[in-house]
Amino acid sequence: MSKFYLTTAIDYVNSRPHLGTAYEKIAADVIARYKRLCGVDTRFMMGNDEHSQNVFQRARELNKDPLEFCDEMESAFREVWGRLDISFDDFIRTTESRHRVAVTTLVSRIAEAGDIYEGFYEGWYCVSCEAFKQEKDLIDGNCPVHQKPPDWIKEKNYFFRLSRYQQRLREHYDDHPGFLEPPSRRNEILRLIEAGLEDISMSRTGQAWGIP
Ligand SMILES: [Zn+2]
């Protein structure tokens, strides 16, 4: 029997689920149900991303312990998914020990391969996006998504040697044309690789809410 694995993005729990959150789950649910009807062994995964600075801040605003807050939000999310009858097979929370074990194991393997190093990261950081912004993407000095100025941050971070995999990724996509779909997205990724891949920051300093 052929197998099919499907996952949605996992949601930040600093706010309640909304139409945008639901849209993705409904679309994924349709795909999962269709695959099951076709007799395909289907595993449909959903979950909550609880390790976010925004989640931590939101919990603090409410005078709550972050984990206690995440527990409440899990109920809120699950209640909505229940009402929409989303047929997920598993629901992961990033604070669960099985997630912690998986992350720790993966990062150890990456480190053993020599693909992690310490360096400095400097740049504009939008707390709401939880992402660094390029100077060229700012509009009048503001984050284009949140219309507010990002912070200039310089911190010691661990980096993943993504640049080392540029050639191998390119070869993999060339050898397996169906690996990335649809073609428009495939071309987007190929263009990104062609432009050159940079090492990426994979840690955040000064935070206790995360996986050490
Ligand atoms: Zn932003």
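## Terms and model

Buried means under 20% relative accessible area, exposed means over 50%, and partly exposed lies in between (1.4 Å probe, protein chains only). At 19% relative accessibility, His51 therefore counts as buried. His51 sits in the loop between β3 (41-49) and α2 (53-61). Helices (H or I, at least four residues) and strands (E, at least two) are DSSP runs, numbered from the N terminus. His51 and Cys38 are 13 residues apart in sequence, yet 37 Å apart in space, C-alpha to C-alpha.

The model is predicted: local features need pLDDT of at least 70, side-chain atom pairs count only at pLDDT 80 or more, and totals for chains, interfaces and linings use all residues. Residues are numbered from 1 along each chain as its sequence is written, and side-chain values use heavy atoms, with hydrogens and water left out.

## Zinc site

Four residues coordinate the zinc ion: Cys126 (SG), Cys129 (SG), Cys143 (SG) and His146 (ND1), at 2.0 to 2.3 Å. Donors are N, O and S atoms within 2.8 Å of the metal (3.2 Å for Na, K and Ca); water is not among the atoms, so sites may look incomplete. The donor residues follow the spacing C-x2-C-x13-C-x2-H in sequence.

The arrangement is tetrahedral because the 4 donor atoms subtend angles of 98 to 115° around the zinc ion. Four donors count as tetrahedral if all angles lie between 85 and 135 degrees. The ideal angle for four tetrahedral donors is 109.5 degrees. Cys143 is buried, with a relative accessible area of 1%. His146 is partly exposed, at 31%.

## Annotated domain

An unreviewed UniProt entry lists residues 5-146 as "domain: Methionyl/Leucyl tRNA synthetase". UniProt positions are given in the numbering used here, feature names are shortened, and annotations may be inferred rather than shown by experiment. The span is 44% helix and 23% strand, and its end C-alpha atoms lie 34 Å apart.

## Pockets

A pocket is an open set of points on a 1 Å grid over the protein atoms alone, where a 1.4 Å probe fits, with protein on both sides within 12 Å along at least five of seven lines; lining residues have an atom within 4 Å of a point. The largest pocket has a volume of about 1200 Å³. Its lining holds 29 residues, with Val103, Met202, Ser203, Arg204 and Ile211 nearest the centre. α4 (97-112), β5 (116-126), β7 (151-160) and β8 (200-201) each supply at least two of the lining residues. α4 gives the most, with 7 residues. The lining divides into 16 nonpolar, 10 polar and 3 charged residues.

The second largest pocket holds about 580 Å³ of space. It is lined by 21 residues, and Tyr121, Gln134, Glu198, Asp199 and Ile200 are the closest to its centre. β5 gives the most to this lining, with 4 residues. The lining of the second largest pocket has 10 nonpolar, 4 polar and 7 charged residues.

## Backbone exceptions

Most residues other than glycine have a negative phi, and most peptide bonds are trans. A cis peptide bond joins Glu181 and Pro182, with omega about -10°. Pro182 lies in the loop between α5 (166-175) and α6 (183-194).

Asp85 has a positive phi, near 55°. It lies in the loop between α3 (66-83) and β4 (90-93). Glu130 also has a positive phi, of about 55°. Glu130 is placed in the loop between β5 and β6. It is buried, with a relative accessible area of 14%.

Notes: Tetrahedral: all angles 85-135°; square planar, octahedral: opposite > 155°, others 65-115°. Points joined across faces, edges and corners; volume = space filled by probe spheres on them. Nonpolar A, V, L, I, M, F, W, Y, C, P; charged D, E, K, R; others polar.
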